[in-house]
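Please read the following briefing alongside the sequence and the three-dimensional view.

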Amino acid sequence: VSLVGYIEMKKKKEWKAVYCQIIAGSFYYYKGSTDQEPKGHVDLEGLKIVSPVDVHKKKLTFAIQLGDDPVFIGLCSTEAELAKWKASLEDGLTKKRSDPPSVVAQKAKKQGVMKRAKNSAASKTATSALGKKVMKAIVNEETTTLLTALKRIVKSQSGSEKKADDLEKNMIKIAVKSFLLIENKILTPDDFLVADKPLRESFELMVKVFNGRGRVKEDKIRDALVKVVELLKKSEEVITNVLAPHLKSKNMLKISSSFGCIANIEFLMAVFNDAQLEDDLDKLIDAMEYYTQFHYH
């Protein structure tokens, strides 16, 4: 498998989040990552990849086409994500088709009636009045500072208030859903500890880069931030694997969208080189440093 992840698929006039895999010369898409059978697939040999696609108000798009006819239109959340899918799909054009990965590798334990009910309850609670109370409980002062600074930075760098608002909403919603899954004893805090290690290391490295900017060359800063991106992606991978059996694809897409916005070397370099963002970056780094001072067991 050369690439996996969540993207949006154009279906008539709607966009649906789907889990996708490229394996050799075949592109498979599923309703979710734990589905045993794909919703559909495209054998890439003899086709072409077109990007962007002329879709109203959508920029980060690609199409798998037979001649001028699209057989699949996808939408990514970031330019970096789009570049990855385009490169992997174009590589697949030269390869022979392949069967999907084995069912055994994908298959999750079948959920019982009670577990499915709890998952449904957690999903509904995340957007309910109770969910808002939960949000206040888990989003403390330091987290609020981090989110506010990050939101201002993303707004400044992207020029889009909506993108910044969406990032904040997505991160909070995933945090609430994770909290409720733990409260309902579907998951445990230990399930998330593996993701905490690379996240903590990425924050520690960001703090070091911020404090040492004036003493090192830019290429060294870039090398360090590349490592930050790698660590953030490791954390994303763990969180994705933990939550995939319990959340719908549209919510899983929120995870990849959030990490995709931040785990981007060009974004990080631009932020560290923008003097106008100094105050917000300082607040963001303070919040990250505060986070790294705590240890979870």
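This is a predicted model: local features need pLDDT of at least 70, side-chain atom pairs count only at pLDDT 80 or more; totals for chains, interfaces and linings use all residues.

Residues are numbered from 1 along each chain as its sequence is written, and side-chain values use heavy atoms, with hydrogens and water left out.

**Overall make-up**

- The protein contains 11 helices and seven strands, where helices (H or I, at least four residues) and strands (E, at least two) are DSSP runs numbered from the N terminus.
- Of the 297 residues in the protein, 46% are buried; here buried means under 20% relative accessible area, exposed means over 50%, and partly exposed lies in between, with a 1.4 Å probe and protein chains only.
- Among contacts (heavy atoms within 4.5 Å) between residues at least 6 apart in sequence, 63% join residues at least 24 apart.

**Aromatic pairs**

- Rings of Phe, Tyr and Trp (its six-membered ring) pair if their centres lie within 6.5 Å, and planes under 30 degrees apart count as stacked, over 60 as edge-to-face and the rest as tilted; by this rule the count comes to eight aromatic pairs.
- The ring centres of tyrosine 29 and phenylalanine 72 are 5.2 Å apart and the planes are at 50 degrees, so this pair is tilted.
- Because tyrosine 29 lies in strand S3 (residues 26–30) and phenylalanine 72 in strand S7 (residues 69–75), the pair ties together parts that are 43 residues apart in sequence.
- Tyrosine 29 counts as buried at 12% relative accessibility, and phenylalanine 72 is buried with a relative accessible area of 3%.
- Phenylalanine 203 and tyrosine 291 form an edge-to-face pair, with 5.4 Å from centre to centre and 75 degrees between the planes.
- Since phenylalanine 203 belongs to helix H7 (residues 189–212) and tyrosine 291 to helix H11 (residues 278–292), this pair ties together parts that are 88 residues apart in sequence.
- Phenylalanine 203 counts as buried at 10% relative accessibility, whereas tyrosine 291, at 23%, counts as partly exposed.
- One aromatic cluster is formed by Phe27, Tyr29, Phe62, Phe72 and Trp85.

**Salt bridges**

- A search of the whole structure finds 14 salt bridges, each being a side-chain nitrogen of Lys or Arg within 4 Å of a carboxyl oxygen of Asp or Glu.
- Lysine 48 forms a salt bridge with aspartate 68, and the closest N and O atoms are 3.9 Å apart.
- With lysine 48 in strand S5 (residues 48–50) and aspartate 68 in the loop between strand S6 (61–66) and S7, the pair ties together parts that are 20 residues apart in sequence.
- Lysine 48 counts as partly exposed at 35% relative accessibility, while aspartate 68, at 68%, counts as exposed.
- In the salt bridge between aspartate 91 and lysine 95, the closest N and O atoms are 2.8 Å apart; aspartate 91 is partly exposed, with a relative accessible area of 37%, and lysine 95 is partly exposed as well, with 33%.
- Aspartate 196 and arginine 200 meet through their side chains in a salt bridge of 3.0 Å, N to O; both lie in helix H7, four residues apart, or about one turn of the helix, and both are buried.

- Glutamate 81, found in helix H1 (residues 79–92), is buried yet has no salt bridge, and the nearest side chain of opposite charge, lysine 84, is 6.2 Å away.
- For this comparison Lys and Arg count as positive and Asp and Glu as negative, while His and the chain ends are not counted.
- Leaving aside neighbours within four places in sequence, glutamate 81 is in contact with Tyr6, Cys76 and Ser256.

**Helix H8 and its surroundings**

- The axes of H8 and helix H9 (residues 249–262) come within 10 Å and cross at roughly 175 degrees, the axes being lines fitted to C-alpha atoms, for helices over the stretch in contact, with angles running from 0 to 180 degrees between N-to-C directions.
- That crossing makes H8 roughly antiparallel to H9, because angles over 145 degrees count as roughly antiparallel, under 35 as roughly parallel, 65 to 115 as roughly perpendicular and the rest as oblique.
- The contact is made by Leu232, Ser235, Glu236, Ile239, Thr240 and Leu243 of H8 together with Met252, Ile255, Ser256, Phe259 and Ile262 of H9.
- Valine 238 lies in helix H8 (residues 218–243) and, leaving aside neighbours within four places in sequence, is in contact with Val194 and Ala195.
- The C-alpha atoms of valine 238 and aspartate 196 are separated by 9.2 Å, with the two residues 42 apart along the chain.
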